[in-house]
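Trainee: I'd like to learn how to read a protein model bit by bit. Could you walk me through some of its features?

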There are 2 protein chains.
Amino acid sequence: MARKLFELCGTDPVRRFSPYCWRSRMALAHKGLEAEVVPWRFTETEALAFTGSDKVPVLVDGAKTIADSWSIAEYLEECYPEAPNLFQASPAAQRFVATWSDTVLMPALARLIVSDIPPLLDAKDRAYFVESRERRFGMKLAQVTAGREARLPEFRALLLPLRHLLRYQPFLGGAAPDYGDYCVFGTLMWPRVVSPLRLLEPDDAVHDWQERMLDLHGGLAREVPAAAP
Amino acid sequence: MARKLFELCGTDPVRRFSPYCWRSRMALAHKGLEAEVVPWRFTETEALAFTGSDKVPVLVDGAKTIADSWSIAEYLEECYPEAPNLFQASPAAQRFVATWSDTVLMPALARLIVSDIPPLLDAKDRAYFVESRERRFGMKLAQVTAGREARLPEFRALLLPLRHLLRYQPFLGGAAPDYGDYCVFGTLMWPRVVSPLRLLEPDDAVHDWQERMLDLHGGLAREVPAAAP
C-alpha cells in the first residue's frame, strides 16, 4: 500500500497508545482512507530520518511525507476535499479544541499515567523513556503518579467544558464527529491503552461520548485492547 | 430604531459589564448591525416580562424577541446570512469555546471579582446581588475574593489554551475574529469593566489579543471605561 502511518507502540505493536497518532488514524478513517500501520518505537530515530522529523505520527502518502498530527489533518483536508470534511470551517477556526487538549488534558494525564508506560516498552525504549521523563518531571515516575486515585476527581473536573457541551449535542462537531472530536478522543486513547486507571465514571456524559467514538469507523479504536480490566 | 439590545449595567448605565451581553453586542457589530442599548438592572424583571426571559441579553429585532446570547448569535447568523459570518462552520462545531468560557473562565473570574460589583449597583440591585451571590457562594463576598492577588497566577494559567493558540494565529477564528473570539472577549469584559484587578500581564499574548479585540468595530468596547487605573 502506498499510504503508511508511522505510529508509536510499545514492545507489543498492537498496543498503539500515542494520542497524536490516534488523531491521525481517526482522521484517515474519517476520510475513508486506508493506511498501513508502521509500528514505531521511541528510539527508532533512524527509521524516521527520511522524514526530517524525529517524532510520530508521520504520514507517507505516495511521494509525500507529512509529520505532525495537525499538519497531517490539514494535508488530508486539502488533498482529499471530496471526502467527508474533517473541519467544517477553516482548520484555524477549530484549533482551540486541539490547544485545549494539548495544554490542559495532556499534562494532567501525564501526571496520572506516565508510570504505566515503561512496562510496555522494550529495554532500550524503556531506558530512553524513563530517563527523559524523569528529567522532565524532576522526580521518579512512580512519584509523579503517587496518590493518583485521589487526584481523579480533579482530572474529571477538567473535562467540564466537554461535559457541558454534550448537553447540547452528541459530538464536538455537532450532530457528527469532526477533527475536534478526534483531538480529544485521541488524547483519551493514551490512558485507555496504557493504564489500568479508570479515568471516567460510567455515568459521565464524556464516557458515553467516548463509547460513541469507539464505535466509529467500524470500531477501529476499540480493536486496540484497553489496559483496564 | 427597531433593534434593541437589553444590556446589564450598574447604577451608571455606561458601565455595561455583563460578559454575555458583550458577546451579543460584539456579534451585532460583527454583522454591521446597530442596536439601541437598553440599560437593564438585575431587579427590573418587569421590564423583561414581555420577553419570557428573566435575564439579559435580550435582543428585540422588529417583531422578534430573542433571549440568551447563544440563541442571539444563532439568530443573527440565520437571519443576516449576507453579512460577515459569525461562525465559519455550523455554530455547533464551534461551541466548545463558549462552553470553555462558561465553565472554566466564568467561575474562576467570579471568585476574583464578585466583590467589585455591589458598589456599582443602586441600593435595590445591590441588595439582590449580594444576597443571591452570598447564598451561591455560602460566604460573604469579601471572603470569596480574599487574597485574590495571590490567586492571579492560577487564573492566568487557565488561559493557557488560548495563549498557546495565539502562537499560531492572531484570533480564535484564525486570521480574523469570529464568535469564538467574542465569547472569550465578552467574558473578559466583565472583569475589565468592574474590577481594579489587573488580570493580564502586559507581556501576555492574551493581553495583546485583547487589545486587538478592543480595537475592533471602531473600538466600541474600548469606549466603555475600564475599572483599572
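Predicted model: local features only at pLDDT ≥ 70, side-chain atom pairs only at ≥ 80, totals over all residues.

Trainee: What is the salt bridge partner of B:Asp61?

Mentor: That's B:Arg3, with the closest N and O atoms 3.0 Å apart. This pair also links distant parts of its chain: B:Asp61 is in strand β3 and B:Arg3 in strand β1 (residues 3–8) of chain B, 58 residues apart. Both B:Asp61 and B:Arg3 are buried.

Trainee: How about a pair inside one helix? How far apart along the helix are B:Glu131 and B:Arg135?

Mentor: They're four residues apart in helix α5 (residues 123–137) of chain B, which means about one helical turn separates them. B:Glu131 and B:Arg135 form a salt bridge whose closest N and O atoms are 2.9 Å apart. B:Glu131 is partly exposed, at 43% relative accessibility, whereas B:Arg135 reaches 58% and therefore counts as exposed.

Trainee: Which residues are joined into one network by salt bridges that share partners?

Mentor: A:Glu7, A:Arg16 and A:Arg25. Over all chains, the count comes to 26 salt bridges.

Trainee: How many salt bridges cross the interface of chain B and chain A?

Mentor: Zero, by the rule used here. For polar contacts, the count between chain B and chain A is six residue pairs. The contact takes 24 residues from each of the two, chain B and chain A.

Trainee: Which elements give two or more residues to the side of chain B that touches chain A?

Mentor: They are α4 (95–113) and α8 (160–165) of chain B. α4(B) supplies the largest share, seven residues. Sorted by class, this side of chain B has 13 nonpolar, nine polar and two charged residues.

Trainee: Now the inside. Which residues touch the most other members of the largest nonpolar core?

Mentor: That core has 154 residues, and the ones touching the most other members are A:Leu76, A:Trp100, A:Trp209, B:Leu76, B:Trp100 and B:Trp209. Take B:Trp209 and skip its neighbours within four places in sequence: its contacts include B:Leu162, B:Pro170, B:Phe171, B:Asp181 and B:Leu188.

Trainee: What does the side chain of A:Ser195 make a polar contact with?

Mentor: With the side chain of A:Asp116, at 2.7 Å. A:Ser195 lies in the loop between α8 (179–194) and α9 (205–219) of chain A. With 1% relative accessibility, A:Ser195 counts as buried. Leaving aside neighbours within four places in sequence, A:Ser195 is in contact with residues including A:Ile113, A:Arg148 and A:Ala228.

Trainee: What about the backbone? Which peptide bond in chain A is cis?

Mentor: Look at the one from A:Val56 to A:Pro57, where omega is near 5 degrees. A:Pro57 lies in the loop between β2 (36–40) and β3 (58–61) of chain A. In chain B, the bond from B:Val56 to B:Pro57 is cis too, with omega near 5 degrees.

Trainee: And what is phi for B:Asp68?

Mentor: Phi is positive, about 85 degrees, although B:Asp68 is not a glycine. B:Asp68 is in the loop between β4 (64–67) and α3 (69–79) of chain B, and at 41% relative accessibility it counts as partly exposed. B:His217 also has a positive phi, near 55 degrees, but this residue lies in helix α10 (residues 205–219) of chain B.

Definitions and conventions:
Residues numbered from 1 in each chain as written. Chains lettered and ligands numbered in written order. Heavy atoms only, no water. Contact = heavy atoms within 4.5 Å. Salt bridge = Lys/Arg side-chain N within 4 Å of Asp/Glu carboxyl O. Polar contact = N/O pair within 3.5 Å; in protein donor to acceptor, adjacent residues only side chain to side chain. Nonpolar A, V, L, I, M, F, W, Y, C, P; charged D, E, K, R; others polar. Buried < 20%, exposed > 50% of the residue type's maximum accessible area, 1.4 Å probe, protein only. Core = buried A, V, L, I, M, F, W, Y, C linked by side-chain atoms within 4.5 Å.
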